[in-house]
Amino acid sequence: MKTIKVGMLGIGTVGSGTYKALEMNMAAIEKFAGVHIEIAKILNRRPEAKRAVDVPREKYTADPYEIIHDPEIQIIAEVMGGIEPATTYMAEALKAGKHVVTANKAALAVNGRMLQQLAMDHHVMLRFEASVGGGIPIINAVSDQLVSNQYDEVLGILNVTTNYILTQMTDKGADYADVLRDAQEKGFAEADPSGDVEGHDAANKLSILISLLFGKEVLPKDIPTQGITAVSAMDISYATEFGYKVKLLGRALRTPEGLVCSVEPTLLPVSHPMASVSNEFNAVFVKGNAVDELMFYGKGAGQMPTGSAVLGDIIDIANCIVKNAAYDLQPLLSYDSEMPVLGEGSAQYYIRMTAADRPGILGRIATTFAKYGISLESVMQRGGGTANPGAVPSAGAAFAANIAPSMSGSEPEPSVPLIFIVYKVDRKALDEALQEIRDKGYAESINAVMRVQER
Ligand SMILES: NC(=O)c1ccc[n+]([C@@H]2O[C@H](COP(=O)([O-])OP(=O)(O)OC[C@H]3O[C@@H](n4cnc5c(N)ncnc54)[C@H](OP(=O)(O)O)[C@@H]3O)[C@@H](O)[C@H]2O)c1
């Protein structure tokens, strides 16, 4: 049986998982692929460090170019992470005629166009199934089996750390800081979780999905991104009362005017299939014009699920090599769409503000919303009763009719939270309305603004 030699850059979580998955399933892989795959050399800058797998010492090298320029190595798996030096190593490997498999969403989101061009120029494959959704086979499914579709929408719960934290906050009614500590202890969050909790990891993955599904280059920095650090247990509890779950959602939507995209904490109706995606699970929901709605669900990260995805790409490539089949050089990412990028577009929103518990305030706020063309779907006033006006086309007028006209009175009054869900509105108009509500003193503070996913 022919042997295909693989070089691996890095031996951390994903590298160990890749190595272990190959050891575990070697016989089945050989039977399926008709080839023996050997991870022959591994970049390891700390050969003394304890690793999650036992690797013969002679496989280690501290010099990446000993792997990149090894004539016997045909495939390089980049599992070291970070934009640099990973991008440079991948570029050099492609130039040296090696096929490259990577799990590195940060490098791909920023340098995917350049790396893909190098792969095409040098007639080698660049594969990256593990970069989005860990073990979930989304990349190869949409670019192979589902290639007959034009995609209209993608929604993704794309980050394990944030999904674990939001699920625990929902289930335990606990606050962000407490749950983050617990997540760090259990290994669901890094010591420095900023890349995850601020939404940047999800934005990298959404950028890859946009290029894959919509043929458009939208760099992560151009995707409006908001993380979960400001999400409170209070908002999650109110969302639950309204029939929603709070999830960090990446989404991109094709509209007649252009591409809408964002990563932000979002209220998902409990009836939406994505609402039940909990803890370390992730999911990608796509809507194609032929296949209609599809959801891909699975472990979004972790040693073995991600190792499985990296190994799957390695096996595919090895299979082509050994069968002398033409390489699948069809670029997976494309960047030629002229569709304008609109940012967040218009949406329904959940708003929580704090206002004095005084007659007339609710009406003034509703009137201000109405002035900006914003209609209220639901209103909840805690401490001062609950109202749910249902579909109120001009909510301002409806409330204004019921309020006392003046804001007089100098005694300090208790404050109450006011919670609104507004019908579809442009974010700019909403921000202007909220600014006026604040400037005129109708609300003491605007505490939370979150997008609401349509039912
Ligand atoms: N972890 C997951 O579940 C997961 C899921 C999907 C995708 N990914 C992606 O997979 C990649 C790897 O992630 P990971 O979690 O496996 O990271 P990790 O556990 O930190 O492992 C990274 C490995 O690369 C090595 N490395 C990093 N920079 C290096 C450099 N400049 N020179 C030499 N070696 C270097 C590290 O060496 P040291 O050990 O010496 O530091 C370590 O062996 C990242 O792109 C990540 O985004 C990870």
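Student: How many aromatic pairs does a search of the whole structure find?

Tutor: The search finds four aromatic pairs. One of them is Tyr164 with Phe188, which is stacked. Before we go on, note that this is a predicted model: local features need pLDDT of at least 70, side-chain atom pairs count only at pLDDT 80 or more, and totals for chains, interfaces and linings use all residues. Residues are numbered from 1 along each chain as its sequence is written, and side-chain values use heavy atoms, with hydrogens and water left out.

Student: Why is the pair of Tyr164 and Phe188 called stacked?

Tutor: Rings of Phe, Tyr and Trp (its six-membered ring) pair if their centres lie within 6.5 Å; planes under 30 degrees apart count as stacked, over 60 as edge-to-face and the rest as tilted. Here the centres are 4.3 Å apart and the planes make an angle of 25°, so the rings pair and count as stacked.

Student: What makes this a link between distant parts of the chain?

Tutor: The two residues are 24 residues apart: Tyr164 sits in helix α7 (residues 160-172), while Phe188 is in the loop between α8 (176-185) and α9 (194-197). Helices (H or I, at least four residues) and strands (E, at least two) are DSSP runs, numbered from the N terminus.

Student: Which kind of aromatic pair do Phe369 and Phe420 form?

Tutor: Theirs is edge-to-face, with 5.3 Å centre to centre and 75° between the planes.

Student: Which residues is Thr61 in contact with, leaving aside its neighbours within four places in sequence?

Tutor: They are Ile42, Leu43, Asn44, Glu66 and Ile67; contact means heavy atoms within 4.5 Å.

Student: Where is Asn44 found, and what does its side chain reach?

Tutor: Asn44 is in the loop between β2 (36-43) and β3, and its side chain reaches the backbone nitrogen of Arg46 at 2.9 Å. The Asn44 side chain also makes a polar contact of 2.8 Å with the side chain of Arg51. With a relative accessible area of 1%, Asn44 is buried.

Student: Why is helix α4 called largely enclosed?

Tutor: Seven of the ten residues of α4 (residues 86-95) are buried, so the rest of the structure largely encloses this helix. Among the buried ones are Tyr89, Met90 and Leu94. Their cover includes β1 (3-9), β2, α3 (64-68), β4 (73-78), β5 (99-102) and α5 (105-121).

Student: What makes the bond between Glu84 and Pro85 cis?

Tutor: Its omega is about 5°. Pro85 lies in the loop between β4 and α4. Most residues other than glycine have a negative phi, and most peptide bonds are trans.

Student: Which phi values do His123 and Asn279 have?

Tutor: His123 has a positive phi near 55°, and Asn279 has a positive phi of about 50°; neither is a glycine. His123, in the loop between α5 and β6 (126-127), is exposed because its accessibility is 52%. Asn279, in the loop between β9 (258-269) and β10 (281-288), has 19% and therefore counts as buried.

Methods:
Buried means under 20% relative accessible area, exposed over 50%, partly exposed in between (1.4 Å probe, protein chains only). A polar contact is a pair of N or O atoms within 3.5 Å; within protein, one must be able to donate a hydrogen and the other to accept it, and residues adjacent in sequence count only if both atoms are side-chain atoms.
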